Amino acid sequence: MYKITYIILIFIFLLKSCSSKDNDIEKIKILKEPYYIKDLVLYDFEKKKHLISEKKAEFYILNFWASWCLPCVKEMKSLNVLQKRNKKLRVLTVSTDNDVEDAIDYFKKNNYKYLEKYYDIQKSVLSKFSVRGLPTTFVINENLLVVAKVEGIIDWKSKKFIQWLKEIK
């Protein structure tokens with residue numbers, strides 16, 4: 001009896017874990033009221049100021065995260081691979097850690113060299129977006145119009161996500 005229950009539980013777990021990636025696209029919410037962020041200012045880890053409009057891209061993936069956030073840490077590898085494979089995108093990670101050193105240490109340990117790394121010094125960037133929890137990621141088109149939002153993690157490097165981007169372009 002216990003053996004059958006155990007097998008059923010394992011089957012349910014495997015079924016859930018396999019289907020979660022299939023539902024990733026469903027987690028992407030198209031904004032009912034898109035808005036422009038042409039003047040968005042980001043600060044790198046050396047406190048150097050950058051405008052999002054400085055470097056052009058077909059899409060910008062703006063990810064709010066923190067080093068203490070386990071789901072954030074889990075999805076970072078996927079974001080890094082997305083950027084490595086897609087040169088027409090810009091993946092911008094914005095750390096919301098209380099101390100920039102936590103974010104710096106995280107990236108040193110994990111060697112995610114393809115991501116653009118920024119720090120939200122006084123939570124001024126975060127205040128321009130509707131963020132209820134971490135990670136939260138925004139998809140921004142080439143005109144710097146925020147068009148979609150993802151709360152939680154998805155597999156950013158998936159073929160389904162790349163196809164979704166092509167469809168909304």
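Isoleucine 61 is buried, with a relative accessible area of 0%. Buried here means under 20% relative accessible area, exposed means over 50%, and partly exposed is in between, with a 1.4 Å probe and protein chains only. Before I go on: this is a predicted model, local features need pLDDT of at least 70, side-chain atom pairs count only at pLDDT 80 or more, and totals for chains, interfaces and linings use all residues. Residues are numbered from 1 along each chain as its sequence is written, and side-chain values use heavy atoms, with hydrogens and water left out.

Back to isoleucine 61, which sits in strand β4. Helices (H or I, at least four residues) and strands (E, at least two) are DSSP runs, numbered from the N terminus. What does isoleucine 61 touch, leaving aside residues up to four places away in sequence? The list is Leu79, Leu82, Arg90, Val91, Leu92, Thr137, Phe138, Val139, Trp156 and Phe161. A contact means heavy atoms within 4.5 Å. Asparagine 141 lies 80 residues from isoleucine 61 in sequence, and the two C-alpha atoms are 8.9 Å apart in space.

Now the sheet. Strand β4 belongs to an open sheet of six strands with mixed pairing, in the order β1-β8-β7-β4-β5-β6. Strands count as paired if DSSP finds at least two bridges between them. At the edges are β1, residues 28–36, and β6, each of which pairs on one side only. From one strand to the next the twist averages 25°. Helix α4, residues 100–110, packs on this sheet and touches β4, β5 (89–95) and β6. The direction of α4 makes about 115° with that of β4. For angles like this, axes are lines fitted to C-alpha atoms, for helices over the stretch in contact, and the angles run from 0 to 180 degrees between N-to-C directions.

In which sense do β1 and β8 pair? The pairing is antiparallel, over five bridges. Within it, lysine 29 stands opposite lysine 149 in β8.

Stepping back to the whole chain, there are five helices and eight strands. From the N terminus on, the elements run α-α-β-β-β-β-α-β-α-β-β-β-α. Of the 169 residues, 44% count as buried. Among contacts with a separation of 6 or more, 72% come from residues 24 or more positions apart. The protein exposes about 10,500 Å², and carbon and sulfur atoms supply 57% of that. The areas come from the Shrake-Rupley method with a 1.4 Å probe, and for residues only the protein chains shown count as cover.

Next, the cysteines. A disulfide, taken as a pair of cysteine sulfur atoms within 2.5 Å, turns up once. The partners are cysteine 69 and cysteine 72, with their sulfur atoms 2.4 Å apart. The link is right-handed, with 75° about the S-S bond. Are these cysteines buried or exposed? Cysteine 69 is buried at 5% relative accessibility, and cysteine 72 is buried at 1%.

Last, charged pairs. Side chains of opposite charge can pair when their charged atoms come close. The cut-off for a salt bridge is a side-chain nitrogen of Lys or Arg within 4 Å of a carboxyl oxygen of Asp or Glu. How many does a search of the whole structure find? The count is seven.

I will go through some of them. Glutamate 58 forms a salt bridge with lysine 169, with the closest N and O atoms 3.3 Å apart. This pair links distant parts of the chain, 111 residues apart: glutamate 58 is in the loop between β3 (49–51) and β4 (59–65), and lysine 169 is in the segment after α5 (159–168). Glutamate 58 is partly exposed at 25%, whereas lysine 169 is exposed at 56%. Glu58, Lys88 and Lys169 are linked in a network of salt bridges.

Glutamate 151 and arginine 132 meet at 2.8 Å, N to O. Glutamate 151 is in strand β8 (residues 145–151), and arginine 132 is 19 residues away, in the loop between β6 (116–119) and β7 (136–141). Glutamate 151 is partly exposed at 34%, and arginine 132 is exposed at 70%.

Lysine 157 forms a salt bridge with aspartate 155, the closest N and O atoms being 2.9 Å apart. Here lysine 157 is partly exposed at 30%, while aspartate 155 is buried at 13%. That is where I stop.
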